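Subject: Handover of a structure

Dear colleague,

Please find the structure below, together with its sequence.

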Amino acid sequence: MPQDTLQILAPNGELVGDPPIDLDRIRELYEAMVVARVYDRKCTAMQKQGRLATYAPFEGQEACQIGAVAPLNADDWVVATYRDAGAMWFAGYPMVNLILGRTGDERGGKTPEGINVLPPSITVGGHMIHAVGTAWADKLQDTGRVSLTMFGDGATSEGDFHEAMNFAGVFDTPTVFFCQNNGWAISLPFEQQTAAESLVDKAVGYGMRGVRIDGNDLLAVVAAATTATEDARAGRGPTFIEAMTYRVGPHTTADDPGRYRTETLTDQWRAKDPIDRVRVYLEAQGQWTEAWEAGIAQAASQQVEDAVAEAEALEPFTGDEIFSAMFAEPTLPLLDQREMLRRDGP
Amino acid sequence: MTERTMAQALNAALSDALADPSVVLLGEDVGMTGGVFRVTDGLRETFGGDRVIDTPVAESGIIGAAFGMAVAGMRPIAELQFMGFSYPGYDQIVNHVSRIRNRSRHRFTAPLVIRIPYGGGIGAAEHHSESFETIYTHVPGLKVVVPSRPIDAKGLLASAIADPDPVIFLEPIRAYRAIKEDVPDAPYLTPIGVASIERTGSDVTLIAYGAMMKETRQAAELLGANGVDAEVIDLRTLVPLDVETIVASVQNTGRAVVIHEAPRTTGFGAEIAALIGEKALYSLKAPVERVTGWDVVVPLRRAEKHYTPGVDRIVNATMRTMES
Ligand SMILES: Cc1ncc(C[n+]2csc(CCOP(=O)(O)OP(=O)(O)O)c2C)c(N)n1
């Protein structure tokens with residue numbers, strides 16, 4: 001890690017800074033990271049069985065997934081991507097919705113009332129500005145809510161990133177920009193994504209606070225996210241967080257990293273695993289047992305199984321239903337087309 | 001001759017073109033991985049990373065930079081990963097690529113090719129199944145080409161690269177590996193703007209392009225078995241359209257069915273139907289039928305089958321034209 005990268009819990013599980021949260025909370029967040037990993041691995045496995053569509057695993061990024069969301073209130077906005085299922089789940093998006101989406105069913109996108117998590121952005125880079133808009137609305141309406149947007153290093157190359165950062169700076173919106181710099185955008189390594197040494201340097205160009213952190217360090221993530229969230233909520237405007245992490249898995253289940261990288265670096269990053277180091281720390285504090293962890297993993301596994309079973313038990317859409325959510329009321333041409341489909345079949 | 005899929009035929013055309021040092025290929029993941037559909041497989045190894053260029057994730061950047069290269073005398077080929085990701089580059093295409101010749105009265109030109117995989121049928125994620133070709137055919141100054149089979153794919157891509165004007169080259173995703181056929185090894189050109197009559201017939205003209213050619217061919221066979229003699233036209237190029245071939249065929253058969261997977265409203269079928277109305281109305285024995293996708297977001301995997309026009313819908317529509 002470069003010098004200016006915030007780290008609180010070193011990869012060997014030793015504290016090198018002040019923990020922003022107490023041991024009980026660390027245990028809670030640890031549990032959430034374990035659930036996230038079980039979910040992630042099960043989705044990959046189920047995709048291989050043909051039960052889910054293409055899946056984008058976030059293994060190795062669990063500290064970001066859980067830590068970025070940890071300081072949020074239940075009604076804050078989360079505007080994230082296809083790789084952020086862990087964050088979305090921890091922010092209140094039901095697991096069954098996530099799974100439904102992955103089976104290829106639109107109903108997965110229906111966030112429950114009261115939870116302000118948008119469906120994941122599939123297009124890269126277009127969504128960060130939405131977290132500026134939601135935050136801006138909250139500012140104008142004085143709701144006290146904060147908007148968190150999550151994205152990868154690749155997304156910072158899209159023009160929309162610039163517009164989002166600039167708007168947030170100019171209009172001083174309560175937005176937290178959380179960039180997971182996982183080293184890759186499909187096959188493109190970070191060094192080819194930008195000539196900049198680090199992404200956090202961009203913040204200054206938008207008149208925004210920026211902080212770079214060890215993204216595999218849960219405590220550093222929580223510390224940075226908490227400060228940024230509190231600043232935003234208190235009217236002190238946006239923050240850009242660059243979390244240094246690594247995509248240890250493939251881009252998606254359809255990707256073969258062997259075509260563009262050797263696994264030497266991946267193995268080095270696996271040694272900096274975000275879950276392992278919290279476990280070592282908790283154990284040293286007398287806060288971790290194997291039985292406790294096995295219980296969490298077992299429950300998480302069951303939760304995913306149940307979600308998949310529930311999703312698969314739902315009858316797929318009928319032909320009629322593909323027309324039913326285009327407008328508040330179906331238009332005459334749509335009703336016409338629905339008739340044609342009924343008459344002629346697909 | 002070598003038996004090739006469309007993906008392999010396109011790869012061969014790109015490889016031929018890269019022999020010319022003014023040709024470069026740029027896009028996301030086109031180099032190290034050979035593209036999401038492996039169309040550029042092996043080209044970086046052969047021609048180097050300066051000619052087969054992995055770019056940052058930025059479609060406006062890819063198109064805008066390719067435009068600049070083209071204006072400066074090169075022949076860039078830009079690859080976008082899916083049609084659903086082409087829109088950040090749309091401003092560049094509409095406001096710059098399509099009109100520099102006109103703005104500069106021929107002084108500057110943009111002979112670039114923009115390759116865009118499009119269409120559904122593989123149960124892909126959201127934004128990965130779109131067929132919005134008319135957002136390109138509607139823009140004056142763009143040629144729009146859509147091959148349906150390996151042999152045409154190679155020749156049309158070669159023509160697109162050689163063309164003095166910008167070409168949007170649409171590649172039907174589900175046809176990349178669906179068909180294999182013998183493709184000549186030596187370079188050749190398949191002319192842009194010329195449709196292909198794949199099957200002659202006297203009762204009705206089926207007009208389609210791209211991935212929908214598969215269902216259209218199957219429908220024609222089925223219809224043939226039921227005594228309906230269908231002529232099948234593969235448009236191959238949407239702009240400039242081969243009006244003569246369409247009109248001559250409909251004048252002969254007196255019936256037309258247009259097929260596309262794009263949404264119905266202002267889909268390309270509307271253009272064909274209007275054209276037939278203008279040029280062959282008095283030959284018509286029945287109203288022109290359109291078999292299309294619906295005006296909805298392409299459904300995800302579990303319900304996509306309700307969207308993509310199937311063989312039955314084509315047959316039913318054709319039988320309706322036969323009733324009059
Ligand atoms: C506008 C757009 N262009 C291209 C793609 C295809 N694509 C999907 S993910 C990806 C890489 C994104 O990398 P990054 O932002 O670093 O996020 P990561 O996948 O590493 O989490 C690309 C190019 C897309 N989804 N949207």
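Domain bounds, as used here, come from an automatic or database domain assignment. On that basis chain B is divided into domain 1 (2-183) and domain 2 (196-323), and the C-alpha centres of these two domains of chain B lie 26 Å apart.

Before the details, a note on conventions. Residues are numbered from 1 along each chain as its sequence is written, while chains are lettered from A and ligands numbered from 1 in the order in which they are written. This is a predicted model, in which local features need pLDDT of at least 70, side-chain atom pairs count only at pLDDT 80 or more, and totals for chains, interfaces and linings use all residues; side-chain values use heavy atoms, with hydrogens and water left out.

The two domains of chain B

The contact (heavy atoms within 4.5 Å) takes 28 residues from domain 1 of chain B and 26 residues from domain 2 of chain B. The two domains of chain B bury about 2,000 Å² between them, 54% of it on carbon and sulfur atoms; buried area is the accessible area (1.4 Å probe) that two parts lose on being put together, summed over both. Val146(B), Ser148(B) and Arg174(B) supply 24% of the area that domain 1 buries against domain 2, more than any other three residues.

Four salt bridges are found across this domain interface of chain B, a salt bridge being a side-chain nitrogen of Lys or Arg within 4 Å of a carboxyl oxygen of Asp or Glu. Asp152(B) forms a salt bridge with Arg236(B), with the closest N and O atoms 3.1 Å apart.

The interface of chains A and B

Between the chains, 44 residues of chain A are in contact with 40 residues of chain B. The area buried between chain A and chain B is about 3,400 Å², of which carbon and sulfur atoms give 55%. Three salt bridges cross this interface of chain A and chain B. Asp41(B) forms a salt bridge with Arg259(A), where the closest N and O atoms are 2.7 Å apart. The interface of chain A and chain B also has 17 residue pairs in polar contact (both at pLDDT 80 or more).

Helices (H or I, at least four residues) and strands (E, at least two) are DSSP runs, numbered from the N terminus. The elements that give two or more residues to the side of chain A that touches chain B are α4 (95-103), α7 (190-193), α12 (290-313) and α13 (332-344) of chain A. Of these, α13(A) gives the largest share, six residues.

Local backbone features

Most residues other than glycine have a negative phi, and most peptide bonds are trans. The peptide bond from Val239(B) to Pro240(B) is cis, with omega near -5°; Pro240(B) is placed in the loop between β12 (237-239) and α9 (243-253) of chain B. Ile186(A), a residue other than glycine, has a positive phi near 50°, and lies in the loop between β4 (184-185) and β5 (188-189) of chain A.

With kind regards

Technical notes. A polar contact is a pair of N or O atoms within 3.5 Å; within protein, one must be able to donate a hydrogen and the other to accept it, and residues adjacent in sequence count only if both atoms are side-chain atoms.
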